[in-house]
Amino acid sequence: MRLHVVTGKGGTGKTTVAAALALALAADGRSVLLVETEGRQGIAQLFDTPPLPYEERRVAVTRGGGEVKALAIDAEEALLDYLDMFYNLRRAGRALRKMGAIDFATAIAPGLRDVLLTGKIKEAVTRRHDGRPVYDAVVVDAPPTGRITRFLGVTAEMSQLARSGPIKTQSDGVMAVLRSPQTAVHLVTLLEDMPVQETADAISELTKADLPVGSVIVNMATEPVLPADGLALAARGRLTGEDLAPALAAAHLHGGPELAGALAAEVTEHAQRWAGQDALRDEVEALSRPVVELPLMTGPMDLGSLFELAARLEEHLQTEVAA
């Protein structure tokens, strides 16, 4: 895979997953570009760097001398690139920006912004130096699942409107990359009702749009704190304070029936929540896509935590290649 697009419902941690995936892909001396599309500077925060300008900057070094560069795409600068690349009009584009014309154009035609962003992504994927790709992989922190099909498919609409010329050629080139077997759209979810449903809806929409769906990444997964038989008993509401009282007494914990009852209620809530998550895990598996689970990381998300998640993703990538 050359292009990895990462999407997910807001709050699922898609930016974190995109950053960890970039680190995983950069292992063993590979070069990876991590692209931000929403202007939130989330990548800079994760890697503890100053806000990213519209240029590719190294944010991490990985095993074997690999590196991750990051780029926050600016729609205005992407438009200037476009005008320069196809019409040699960078100077005129700058004049338009001073007049506010570019802001006006992207405001009245929001789809134009997505066309510019996907065009820049395509350029990074296909860029070559001395006959070789500049980047072994490009990872995109893309818009959320509710917008992802529109974001990736808007250039196809542009291609239909422009029957010939540079715009038609550029649009067709972008869609060829986005629909290539070397592209995968990965969906990040939590084991919660709304994220799982949005993931299922997005997979359906992407498939209808002939866009390649990759893996489903279950983020912030937790492990049960009880053995299987204890979980089943508690989930059925069959665990009482009386069941816990002997163990509390043996541990010399004082509090009597009141403490035992409170603990039994907490255990029951945990077990029922886990049972619900397990049912949602079955729904995720039923989506018939490769699934990888990433653990809930305790404490703040720093570079060490990102590398831990990257190791999990690297194992998954190796399994996928072997399969």
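User: Leaving aside neighbours within four places in sequence, which residues is T145 in contact with?

Analyst: Contact means heavy atoms within 4.5 Å. Once the neighbours within four places in sequence are left aside, T145 is in contact with T7, G8, K9, L187, E198 and A202. This is a predicted model, where local features need pLDDT of at least 70, side-chain atom pairs count only at pLDDT 80 or more, and totals for chains, interfaces and linings use all residues. Residues are numbered from 1 along each chain as its sequence is written, and side-chain values use heavy atoms, with hydrogens and water left out.

User: Does T145 count as buried or exposed?

Analyst: Buried means under 20% relative accessible area, exposed over 50%, and partly exposed in between (1.4 Å probe, protein chains only). T145 has 3% relative accessibility, so T145 counts as buried.

User: What joins the side chains of T145 and E198?

Analyst: A polar contact of 2.7 Å joins them. The term covers a pair of N or O atoms within 3.5 Å; within protein, one must be able to donate a hydrogen and the other to accept it, and residues adjacent in sequence count only if both atoms are side-chain atoms.

User: Which residues touch the most other members of the largest nonpolar core?

Analyst: In soluble globular proteins, nonpolar side chains tend to be buried together. A nonpolar core is a set of buried Ala, Val, Leu, Ile, Met, Phe, Trp, Tyr and Cys residues joined through side-chain atoms within 4.5 Å. Here the largest core has 39 residues, and L3, I121, V138, I148, L152 and L206 touch the most other members. Helix α6 (residues 110-126) gives the largest share of this core, five residues. Helices (H or I, at least four residues) and strands (E, at least two) are DSSP runs, numbered from the N terminus.

User: How many salt bridges does a search of the whole structure find?

Analyst: A salt bridge is a side-chain nitrogen of Lys or Arg within 4 Å of a carboxyl oxygen of Asp or Glu. The search finds 15. One of these pairs is E56 and R127, at 2.8 Å from N to O. E56 lies in the loop between α2 (42-46) and β3 (57-61) and R127 in the loop between α6 and β5 (128-129), so the pair ties together parts that are 71 residues apart in sequence. E56 is partly exposed at 24%, and R127 is partly exposed at 22%.

User: Which residues are linked in a network of salt bridges?

Analyst: K14, E38, R40 and D141 are linked in such a network.
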